[in-house]
Amino acid sequence: MQVQPYLFFDGRCEEALEFYQKALGAKVEMLMRNKESPQLPPPGMKAPPEKIMHAAFRVGDTQVLASDGMCGGAPRFQGFSLTIDTRDDAEAKRFFGALADGGQVQMPLAPTFFSSSFGMLTDRFGIGWMVMAPKKGD
């Protein structure tokens, strides 16, 4: 069994994929637009043909699934955060800064009792992120 996040960007999926490629080095593994679907959309579905029906991208070892969904223009991500465990403080600082561009920092990157660098932010799409580096040995 595997649990994977599936993010609905409400019409901003392509923009998000480009952002995560730049910010995190994400690799898009699969992308299908609505117009490429081998099946007609179900009644009531009126997503624009150019919008993304389904995508898969990889951040490190994790595959994340994504879509434009219903294309209403206002994605809402609540009740969860994605977490990035980095190799060291420098990598944590780089990823945190990149994800914070256009977003909002809730907790600046700083040492904690469990991490040498830990911070929380919401990126420009509304996705919550926690970025952390491993605590160094005492």
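Partly exposed means a relative accessible area between the buried class, under 20%, and the exposed class, over 50%. The model on screen is predicted. Keep those cut-offs in hand for the tour.

**Stop 1: F77 and F80**

Select F80. Its relative accessible area is 35%, so F80 is partly exposed. At 14% relative accessibility, F77 counts as buried. Turn the view until both rings show. Their centres lie 6.3 Å apart and their planes meet at 85°, so this pair is edge-to-face.

**Stop 2**

Colour by secondary structure here. Y20 sits in helix α1 (residues 13–24), while F57 sits in strand β3 (residues 52–59). The two are 37 residues apart, and their pair links distant parts of the chain. Are Y20 and F57 buried or exposed? Both are buried.

**Stop 3**

Zoom in on β2 and β3. They run antiparallel and are joined by six bridges.

**Stop 2: L31**

Stay on strand β2, residues 27–33, and select L31 within it. With a relative accessible area of 33%, L31 is partly exposed. Now draw a distance from the C-alpha atom of L31 to that of A55. The separation is 4.3 Å, although the two residues are 24 apart along the chain. Which residues does L31 contact, leaving aside neighbours within four places in sequence? They are L17, E36, I52, H54 and A55.

**Stop 3: the other sheet**

Hide the previous selection and show β5, β6, β7 and β8. These four strands form an open sheet with mixed pairing, in the order β5-β8-β7-β6. Its edge strands are β5 (82–85) and β6 (104–110), and each pairs on one side only. The twist here averages 10° from one strand to the next.

Four bridges pair them in the antiparallel sense. Select A110 and look across to β7: F118 stands opposite.

**Stop 4: T112**

Follow the chain out of β6. T112 lies in the loop between β6 and β7. Is T112 buried or exposed? Its relative accessible area is 14%, so T112 is buried. Setting aside neighbours within four places in sequence, T112 is in contact with M107, F118 and K135.

**Stop 5: R94 and F95**

Select R94 and F95 together, with side chains shown. R94 lies over the face of the F95 ring, at 4.7 Å from the ring centre.

**Stop 6: the cysteines**

Finish with C13 and C71. How many disulfides are there? The count comes to zero. For C13, the nearest cysteine sulfur is that of C71, 9.3 Å away. Likewise, the sulfur nearest to C71 belongs to C13, and C71 is in no disulfide. Why do the two not count as a disulfide? The sulfur atoms would have to lie within 2.5 Å, and 9.3 Å is the distance from C13 to the nearest one, so C13 is in no disulfide.

C13 is buried, with a relative accessible area of 0%. C71 has 21% relative accessibility and counts as partly exposed.

Definitions and conventions
Residues are numbered from 1 along each chain as its sequence is written. This is a predicted model: local features need pLDDT of at least 70, side-chain atom pairs count only at pLDDT 80 or more; totals for chains, interfaces and linings use all residues. Side-chain values use heavy atoms; hydrogens and water are left out. Buried means under 20% relative accessible area, exposed over 50%, partly exposed in between (1.4 Å probe, protein chains only). Contact means heavy atoms within 4.5 Å. Rings of Phe, Tyr and Trp (its six-membered ring) pair if their centres lie within 6.5 Å; planes under 30 degrees apart count as stacked, over 60 as edge-to-face and the rest as tilted. A charge sits over a ring if NZ of Lys or CZ of Arg is within 6 Å of the ring centre and within 35 degrees of the ring normal. Two strands pair if DSSP finds at least two bridges between them. Axes are lines fitted to C-alpha atoms, for helices over the stretch in contact, and angles run from 0 to 180 degrees between N-to-C directions.
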